[in-house]
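Hello,

Here is the structure I promised to pass on. Please open it first, then read my notes below.

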Amino acid sequence: MFCWQVAYAPNYLCKEQRITTIAEIAASGYDVIPAAVPGNFEIDMMKAGKLEDIYYSTNTLKAQELENLHLWYFTKVEIEDVDSLLHFDGIDTIADIYVNGVLVKSVDNMFLGYDVYPDWKQGENELVVHIKPVCIEARKYRIPASSNAPKYNGGSLYVRKAAHMYTWDIMPRIISAGIWKEVSIQPSKKNQIHDVYFVTNHIDLENKTAELRFFIDLDAEGDFMKDYSYTVEGVCGENKFAFSEQLWHTQQQKFFTVENAQFWWPRNAGEQNLYDTKISLYYQGELCDTYSLKLGIRTMKLERTDVTDTNGSGEFCFRVNGKKIFVLGSNWVPLDALHSNDINRLEQALDLVEDIGCNMLRCWGGNVYESDRFFELCDEKGILIWQDFAMGCAVYPQEEQFAKMLEEEAVYQIKRLRNHACLALWAGDNEGDLCYMEWGRFRRDPNKNILTRRVLAQAVETHDYARDYLPSSPYVSQAAFDMNIDLSGVVADVLPEDHLWGPRDYFKGEYYKKAFCHFASETGYHGFPSPESLHKFLKNPEQIFREDGHPTDEYLVHASSSELDVHSDYAYRIRLAHNQVVTLFGEASEELSEFVRQSQISQAEAKKYFIERFRVAKWKRTGIIWWNILDGWPQVSDAVVDYYFTKKLAYHYIKRSQEPVCLMFDEPTENYLSLMGVNDLSEDADVSYTVTDVLSGKKVLDGITHLRADSAQKIGEMQIAEGEKVFYLITWERDGKTYKNHYFTNIIDIDYTSYMQALKQCGMDEFEGF
């Protein structure tokens, strides 16, 4: 329908001009290139040969030279029905929309969809979208002194745009702009279903019944509501429900019961039953609109306390249909720095999540809100979603003007997503409480944050009251704040849910060993991508450090540094990854392929430890969401799959450690290792097992055991020698299939050659891209 082009010009040339038509664009003499919609203008410029690959070498820094560009997307469209509406799923970010030279709407939020009602002409019409340079537009807002953010991100505070685009420690500074989602012409209806909401009020698992509430919100043109009625029909396999009602107002509710209900469960807990549900609206007996969705019948609850202690007296646990769910999850970060490409990477990324054994994703607050397709797939796969609102690592303006912008966005996203069975939790932001409390170096009470305590809390209560809301992650309640603690030191002894980053030194060091929380919603460890991948985005990947010991410019940039200053905020990351290798092996190889193997082993062992540490303590601990499954651009990072979908070694280690029925060793006590059996399934499991010293071939432990459903239990014990460094292979059989895991004792300052030999002998030499 549309054939788009885009014109562009720097702010200093055009800031006084008002260009509203295609003729005015042509007369301006500005550069014009073909444009893709959905798209980002940088992709168009690269295709047109106007911009080098901004993911290659240090080219990413050139994106900063484009931050002053005005863009005019334009096209012509044939209109038959002049009452049609123009719909934008998403515009990035501040823009004016013109139809036939007339301003029809101004927009300022990347996260909103927009309906526009132009005065169309029959036949050909012109459409021009003027997108303004957001960094310059942001200067129109005065940020109050009480706000704070990392130095690169100040311009993001008053602009509703993905925060990571301004620079993050995992993403580059590519501010970007464009019509990043679909544009469509849709019929305008006077009588239509605006929105619906289903809530599962009560379930009876034994008798297979469920009581639900249905709410409908519609537009009606007729004089009398008695002329309107609706029907609801739901089908899941052989089970059906149906009801109909006359309408008495444009918003109406109905309670109904489903017999022989087919319940929705997260993966490993049961089936992902979804009802194909259709709502039909009638006016004077004639069908005038329909609304379809997939409905999962389930209850969802987060049980949590404000504080905890080392005795485990607190709680942070998800329940689905009354059943506790132990969470094995990953943080979901940007699929791509250029978000129009997200949808092209989505299904492959979710296949990885499913394959590696996750049952939850935390949609991190520095990102965009994910697409409808993302949530549909998570419904189908049984992957729970923790959804942050789009704020992160900052104190956003505590002003009513910003509060209204955020409220509009929150209501839009809540209504869009609230009928998805997979959606488990709304969270106010990412690390906003910690930022409010201490990052300004003046202790403040985060419970005074009007955005997370009032605006977002009220939006969730008003529009999705049946789903839990967490004000921040991690959340510092009034009780926690009043304990007058220094959160930077003892946060894990107080908060039941926490981000376990710490010094990122030895992964079994004091911080990681002693930190206690019931639920870790962030934790990670670095691993270099494969040599094959490094060669795709670096000119000289073999040289990691300069002669003065600092990272080369290429490695600085691909550790998400926005400048070539070796003392800049994120310049530490390459040396950090190198030091982690030195800690594990005593020294780091100077040969690239061998060093990358060492780095990937270091990451794999660290993440394996983090996950297993939580699993062996089930239900004292209730879940871990590690950082993270997939890179959103080529870099050195915590991701276990790089931007090119090449898996790091950690992917395979995590997959084994996240098996629903898994055997693993707890950390030794007085030179005794406890073999633990963890069962996340809803039924008991019988397993036979063997533990072998890989290099000697000696069997050191074996047996047959019965693992209770949804439990972790000690099934064996073995003594180890003081200071020994041995690679043990754990194998077990269940239902005719063989599984394996491993454990390395005293895993610090170990011999790389011996480790590699053991890895190969037990078939775990699973490096890719070498």
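**Sheet and rings**

Nine bridges join strand 15 (residues 275–283) to strand 16, and the two run antiparallel. Strands are DSSP runs of E, at least two residues long, numbered from the N terminus. Two strands pair if DSSP finds at least two bridges between them. In strand 16, leucine 287 is the bridge partner of tyrosine 282.

This is a predicted model, where local features need pLDDT of at least 70, side-chain atom pairs count only at pLDDT 80 or more, and totals for chains, interfaces and linings use all residues. Residues are numbered from 1 along each chain as its sequence is written, and side-chain values use heavy atoms, with hydrogens and water left out.

Now the aromatic rings. Rings of Phe, Tyr and Trp (its six-membered ring) pair if their centres lie within 6.5 Å; planes under 30 degrees apart count as stacked, over 60 as edge-to-face and the rest as tilted. The count comes to 52 aromatic pairs. Phenylalanine 214 and phenylalanine 243 have ring centres 5.9 Å apart and planes at 65°, so this pair is edge-to-face. Phenylalanine 214 is in strand 11 (residues 209–219) and phenylalanine 243 in strand 13, 29 residues apart. Both are buried (under 20% relative accessible area; exposed is over 50%, partly exposed in between; 1.4 Å probe, protein chains only). One aromatic cluster includes Phe214, Phe243 and Tyr275.

Best wishes

Terms used. Helices (H or I, at least four residues) and strands (E, at least two) are DSSP runs, numbered from the N terminus.
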